[in-house]
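Take a look at the sequence and the structure below. Then follow this report from one place to the next.

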Amino acid sequence: MTHPIIRFDHATFGFPGTVALEDISLSIPESEFVGVIGPNGSGKTTLCRAVLGLMAPLSGTLRVLDCACEELRCHHRALIGYLPQKGMLDRNFPVTVLEAVMMGRYGALGLFRRPSGKDRDIARQALTQVGMDHHRDSALGALSGGQQQRVFIARALAQQPRILLLDEPTTGLDLTAQHSVVELIQQLHQELKLTILMITHDINMIRARVDRLVLLKTKLFAAGPPQDVLKPEILSQVYGKELVITDKDFIIVEDYHHHH
Amino acid sequence: MLELLAYDFMQRSLLAAALVGSVCSVIGVFVVLRGLAFAGAGTAHAAFAGVTLAYLLGLPPLSLAIVFGLATVWITGWVEEKGRMKLDVSIGILYTATMALAILFLGLMKTYNPEVYGYLFGSVLSVTTEELLTIGGLSVVVLGTILLLSKELYFIAFDQEMAAASGVPARQIFYLLLTLVALTVVISLKTVGAILVFAMILIPASTAYQLTHSLTQMTLYSMLIGIFCSVTGVLLSYAFDLPSGPSIVLLATSLFFLAVCCSPKRLHRIQTE
């Protein structure tokens, strides 16, 4: 096993009086593709915020890029490409695709420095990697939901990150766009050898693509290869009556639709 | 019209108007995109309360305007950050409380002071050389800071959390933006007045917003519109003996409605729907 790039050691996160994640111990080695699943309110987004260094552990430790997460500085964060949950993008927000992707360079560049031709080349390359370079001068708001997610993935790639954190990248997209975005993420993992942490509700879509699945419900219920985690006896402990597994091993979680 | 430019007071007024027009319209881009419009309106009233207190105590008016403006804008930012109270409620309270203070201080003055009302309604034609130097100095500070940190300011206007996550010191930049808003309000008090200053921040930027899909173009258009409206507004005000603040703001408002009607974005949306 290679050196872990993210290591939780009995880490608990939350606010005084409310625990969002409890006693998590988990090591993620470099270049692993990890899917994070769990019901609503199970602490998935807290996990993301913690890895980004936006939340310090109440107890235990979390080390990211060999640094305690509460001590992550801007130059560390610049190495973590992050795709937040899809918010409502103001369709009229005046930003072109290339301008939005260039923002991925700003953290790494630091204050007062202007982006150079090299930064522009990196942004163009990121756009090419997600298949959107021909849209570089389009208005971001004029693109479809799936295309916008590709642009935001390019923005994260423009940081030249070592870790890619994706918070429900397929939510709110139509089925074709969902597939194409997940395929793109898998392809980027293979080509760039990035460590990917992908939070998702869609267990069926990612089960064949990830190296490991992490099942959360405030505590860490299971972590391992998908076939070891997706066992009815483990899933039913977390999802309870909301879980249905069909004859073809298709996993349906009832509360999934509450997110749309 | 050209002989007007021979007068010292007219040169000062036009220069003050151009400076205020450019500073307001550039900071306005970030205010509009970051959704801080109402916060700025509250700051303008707080700054006026500072002016009235300064007159009451015999201090330079802009000194306390800065103190009151900064206090209000920082409290507003803190409330938004903590999310403990709805932003419109907290600003509404600060807005009216500082206006009440201003009225109280006016009431405590023994005599009627037309200069104070100049800060409420704007009187660009009476800008003195010292005031022009203050406006110029503060304009250089505000525009210079924006120029140096434009990429960070654009990023937090677009998405502050994403900016923080990618290594931009987003929180510090947000407070810096609020500080620049307060300074801009103070710079503009004498020219357009506390009641109308926020129109000068919002309207040119909102007009530019209608016209382009690019951040850099929006900033450029906003600046050109701001300077044009301020300078033309002053000339109209002199030519037709109108108050200067309303002349500038109503000219900008007319341009805004024209831009809404001709907006390529809106026309494109209508065509695609």
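B:Phe256 sits in helix 12 of chain B, which covers residues 244-262. The model is a predicted one. Is B:Phe256 buried or exposed? A residue is buried if 20 or more other C-beta atoms lie within 10 Å of its own. B:Phe256 has 22 C-beta neighbours inside 10 Å, so it counts as buried.

Which residues does B:Phe256 touch, once those up to four places away in sequence are set aside? They are B:Ile203, B:Ser206 and B:Thr207. B:Ser166 is another matter: 90 residues separate it from B:Phe256 in sequence, and the C-alpha atoms are 35 Å apart in space.

## Chain B as a whole

Chain B has 13 helices and zero strands. Its radius of gyration is 19 Å, close to the 19 Å that the globule rule gives for 273 residues, so chain B is as compact as a globular protein of that length. Its C-alpha atoms fill a box of roughly 55 × 45 × 35 Å along the principal axes.

Of the 273 residues in chain B, 52% are buried. Now take the contacts in chain B between residues at least 6 apart in sequence. Of these, 75% join residues at least 24 apart.

B:Asp241 lies in the loop between helix 11 and helix 12 of chain B. It is exposed, because it has 7 other C-beta atoms within 10 Å, and the cut-off for exposed is 12 or fewer.

Most residues other than glycine have a negative phi. B:Asp241 has a positive phi, near 55°.

## Where the chains meet

## The largest core

Nonpolar side chains tend to be buried together in soluble globular proteins. The largest nonpolar core here has 172 residues. Among those with the most contacts inside this core are A:Val51 and A:Val101 from chain A, and B:Ile27 and B:Ala47 from chain B.

What does B:Ala47 touch, not counting residues up to four places away in sequence? Its contacts are B:Ala65, B:Phe68, B:Gly69, B:Val185, B:Val186, B:Leu189 and B:Ala194. One of these, B:Val186, is also among the core residues with the most contacts.

## Strands of chain A

Strand 1 of chain A covers residues 4-15 and holds A:His10. A:His10 has a positive phi, near 50°, and is not a glycine. It counts as partly exposed because 13 other C-beta atoms lie within 10 Å.

Strand 1 of chain A has two partners described here. It runs antiparallel to strand 2 (residues 18-29) of chain A, and eight bridges join them. Here A:Phe13 stands opposite A:Leu21. The two strands form a hairpin with two residues between them, and A:Gly17 in the turn has a positive phi of about 95°. Strand 1 of chain A also pairs with strand 4 (residues 59-64) of chain A, in the antiparallel sense over five bridges. In that pairing, A:Phe8 has A:Leu62 as its bridge partner.

Strand 6 (residues 80-83) of chain A is covered on both faces. In a regular strand the side chains alternate between the two faces of the sheet. A:Ile80 and A:Tyr82 are buried on one side, and A:Gly81 and A:Leu83 are buried on the other. Strand 6 of chain A pairs with strand 7 (residues 163-167) of chain A in the parallel sense, over four bridges. A:Tyr82 has A:Leu165 as its bridge partner.

## Two helices of chain A

In helix 9 (residues 232-239) of chain A, A:Leu235, A:Val238 and A:Tyr239 are buried. They cover an arc of only 85° around the axis, so they are on the same side of helix 9 of chain A. The buried residues of this helix pack against strand 9 (212-217), strand 10 (219-224), strand 11 (243-245) and strand 12 (251-253) of chain A.

A:Pro226 is in helix 8 (residues 226-229) of chain A. It has 17 C-beta neighbours inside 10 Å, so it counts as partly exposed. Leaving aside neighbours within four places in sequence, A:Pro226 is in contact with A:Arg207, A:Val210 and A:Leu213.

How values were computed. Residues numbered from 1 in each chain as written. Chains lettered and ligands numbered in written order. Predicted model: local features only at pLDDT ≥ 70, side-chain atom pairs only at ≥ 80, totals over all residues. Pairing = 2+ DSSP bridges. Core = buried A, V, L, I, M, F, W, Y, C linked by C-beta atoms within 7 Å. Contact = placed C-beta atoms within 7 Å. Arc of directions from axis to C-beta. Rg over C-alpha atoms; globule rule 2.2 N^0.38 Å.
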